[in-house]
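Here are a few notes to read alongside the model. Take them one at a time, and find each spot in the viewer as you go.

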Amino acid sequence: MTYQPQTEAATSRFLNVEEGGETLRIHFNDCGQGDETVVMLHGSGPGATGWANFSRNIDPLVEAGYRVILLDCPGWGKSDTIINSGSRSDLNARILKSVVDQLDIQKVHLLGNSMGGHSAVAFTLTWPERVGKLVLMGGGTGGMSLFTPMPTEGIKLLNGLYREPNIDNLKKMMNIFVYDPSDLTEALFEARLNNMLARRNHLENFIKSLEANPKQFPDFSPRLAEIKAPTLIVWGRNDRFVPMDAGLRLLSGINGSELHIYRDCGHWAQWEHAESFNQLVLDYLNRA
Ligand SMILES: O=C(O)/C=C/C(=O)/C=C/C=C(\O)C(=O)O
């Protein structure tokens, strides 16, 4: 039978999650029907969503036989908004735990981009028995860089875009987001701007969260050795948001890990090197 590409509308679902005494309506996309599930966790940029971050990765994994769940973390996409004053990595992990519990999925592979990587590690540290393999891309822990002053130029532009969400600031951020900005189309800028402006409360609450706690992503370095899940770390050599040495910290901390560094690649390896990335991930997941 010919494979039918997944669509956002046909896979869009909502669940309620209790968090901090409140009920949050959480959005996710549920794609494919495989026995094994890959959860994709997006980054923290304004306008990011599961679908937007992983648009080039969903079909290859579904076609290969995986069920793919794309979670919109609270404060992004069609999920409810939140002001977060604790660890956002752990908040996202708690939300994911409730979602997989409600879907009755016992074990998941986690693929996280940037903040999504931090959240995947938080989930693994708290519920290790629920994790198969980990793929951490441009993220996995907060903390300092040995070589790059923090916040990085990318994170400064990201925060600037949250404060003043307009097309000029979006282009400034996205131009250093990827290695080769000539791949960025006006359609992509427009879609991302629309995502952002559709939920101004998300943007305002991100800033309020930063004011309440500037360190939204804790440094998990001291606990990385607890992670037993086989872990593939993926980084762009030219990442100007989360510097590559964070990937080296993950590599040295997680015993069963290996690292793939893409040349000519910024913070969005899954998009900039989609074809190779998809094959890399599939080979890793299929490996015994
Ligand atoms: O500050 C950090 O450690 C994490 C930053 C991010 O998660 C940035 C991610 C940006 C995206 O992936 C995006 O699509 O905007």
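This is a predicted model: local features need pLDDT of at least 70, side-chain atom pairs count only at pLDDT 80 or more; totals for chains, interfaces and linings use all residues.

1. The rings of Phe123 and Trp127 form a tilted pair, with 5.3 Å from centre to centre and 50 degrees between the planes. In the whole structure, a search finds six aromatic pairs.

2. Now look at another pair, Phe177 with Phe241, which is edge-to-face. Their centres lie 4.9 Å apart, and the planes make an angle of 70 degrees. This pair links distant parts of the chain: Phe177 belongs to helix α7, while Phe241 sits in the loop between β7 (231-236) and α10 (245-253), 64 residues apart.

3. Are Phe177 and Phe241 buried or exposed? Phe177 counts as buried because its relative accessibility is 7%, and Phe241 counts as buried because its value is 2%. Together with Trp268 and Trp271, Phe177 and Phe241 form one aromatic cluster.

4. Stay with helix α7 (residues 167-177) and find helix α8 (residues 186-198): their axes come within 10 Å and cross at roughly 120 degrees. The crossing of α7 and α8 is right-handed. On the α7 side, the contact uses Ile167, Leu170, Lys171, Met173 and Met174; α8 brings Glu186, Leu188, Phe189, Arg192, Leu193 and Met196. Of these contact residues, eight are nonpolar, three are charged and none is polar.

5. Finally, zoom out. An unreviewed UniProt entry carries the annotation "domain: AB hydrolase-1" for residues 37-274. Over residues 37-274, the chain is 42% helix and 15% strand, and the end C-alpha atoms are 20 Å apart.

Terms used: Residues are numbered from 1 along each chain as its sequence is written. Side-chain values use heavy atoms; hydrogens and water are left out. Axes are lines fitted to C-alpha atoms, for helices over the stretch in contact, and angles run from 0 to 180 degrees between N-to-C directions. Helices (H or I, at least four residues) and strands (E, at least two) are DSSP runs, numbered from the N terminus. A crossing is left-handed if the near helix is turned anticlockwise from the far one by less than a right angle, and right-handed if clockwise. Contact means heavy atoms within 4.5 Å. Ala, Val, Leu, Ile, Met, Phe, Trp, Tyr, Cys and Pro count as nonpolar, Asp, Glu, Lys and Arg as charged, and the others, Gly among them, as polar. UniProt positions are given in the numbering used here, feature names are shortened, and annotations may be inferred rather than shown by experiment. Rings of Phe, Tyr and Trp (its six-membered ring) pair if their centres lie within 6.5 Å; planes under 30 degrees apart count as stacked, over 60 as edge-to-face and the rest as tilted. Buried means under 20% relative accessible area, exposed over 50%, partly exposed in between (1.4 Å probe, protein chains only).
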